[in-house]
Structures are given as structure tokens and as C-alpha cells.
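Dear colleague,

Here is the structure that I said I would pass on to you. Please look it over first, and then read the notes below it.

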Amino acid sequence: MQFTYPVTFQRDQNGTMIAMVLDVPGTMTIGANREEALDRVQGALVAMLAARMEDRETIPRPSRPVRGQRVVVLHPLVAAKISVYQAMRGRQTTPEDLARRLGWEESRLRRVLDLRRRSRLEDIEASLAALGKRLVIEVKNAA
């Protein structure tokens, strides 16, 4: 799954710019201008996605941006962690079950699922493999 979410902008009555990710309700931040708001919206998006994971909710799929619409692209490590979470949900596997299957302490798997913490790529790959998935990394030309 691609983790590129379209961003919508709106100016408030004080003149500040509000950046929102409508695909993930509640994801918004402000800035003095579009660029500043866009720089901040990734943090707001990660916080909302982390909250959805903690509440064991689905992760909304990004909609297709309209031509010229700005987007926020999740950091690859965050996207990989969300992929582990989604694979677990797809297989109806609990963190406890997956940790046991991997022979890990549950705290190690919880770090893999924590979007705010760094994780070893090897742990993410092992988690995905235990769920019948594999991580594929693609490099594209910069825009």
C-alpha cells in the first residue's frame, strides 16, 4: 500500500494556514503559510495513525490527490510499521500471538508497532515474514 496522503489547506480568520489530511479525520495542523503547515502535517498524521493503532482501528487508505494537490508521504519506517499492523489485522493476530510466534518478548514487538520509536529493519522484516508478507523497497526519482 502506498502511504501518500493528499493535504487540503484552508486559511482561518486569523490568517494562519490550516493543513488537513481529510482521509484521516482529526489530522490537522497550522502554520504561518502553506509550506510551514505542510512541514508540520506529517507529525500530526503520524500521531493520528498511532492513536488509531493503539485503539486497534483500521488505517484509512489514502485517496487519490487531484492534479496539483500537495501530499504528505509517510516516512518509510513508519509505513513499514503500519504494514505490520495491517498484516496483523488481516490475519487476526494479536501482538501477543505474533511475539510468541517470533520467540520475542512482547515489548520487542510493541517497539516494532510504535510509530514514535525507531526499530530495526530486520525486526520489521521478521514480523512481516511471520505474517506471510515481505517488505519491498522501491526507489523513485525525486519530483
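Is strand 3 (residues 17–21) mostly covered or mostly uncovered? Strand 3 is mostly covered, as five of its five residues are buried, where buried means under 20% relative accessible area, exposed over 50% and partly exposed in between, with a 1.4 Å probe and protein chains only. Please keep in mind that this is a predicted model, in which local features need pLDDT of at least 70 and side-chain atom pairs count only at pLDDT 80 or more, while totals for chains, interfaces and linings use all residues. Residues are numbered from 1 along each chain as its sequence is written, and side-chain values use heavy atoms, with hydrogens and water left out. Helices (H or I, at least four residues) and strands (E, at least two) are DSSP runs, numbered from the N terminus.

In a regular strand the side chains alternate between the two faces of the sheet. Here Met 17, Ala 19 and Val 21 point one way from strand 3, whereas Ile 18 and Met 20 point the other way, and all are buried.

Strand 3 pairs in the antiparallel sense with strand 2 (residues 8–11) over four bridges, and with strand 4 (residues 27–31) over five bridges; two strands pair if DSSP finds at least two bridges between them. Arg 11 stands opposite Met 17, and Thr 29 in strand 4 is the bridge partner of Ala 19. In the hairpin of strand 2 and strand 3, Gly 15 in the turn has a positive phi of about 90 degrees, and in that of strand 3 and strand 4, Gly 26 takes a positive phi near 95 degrees.

Best wishes
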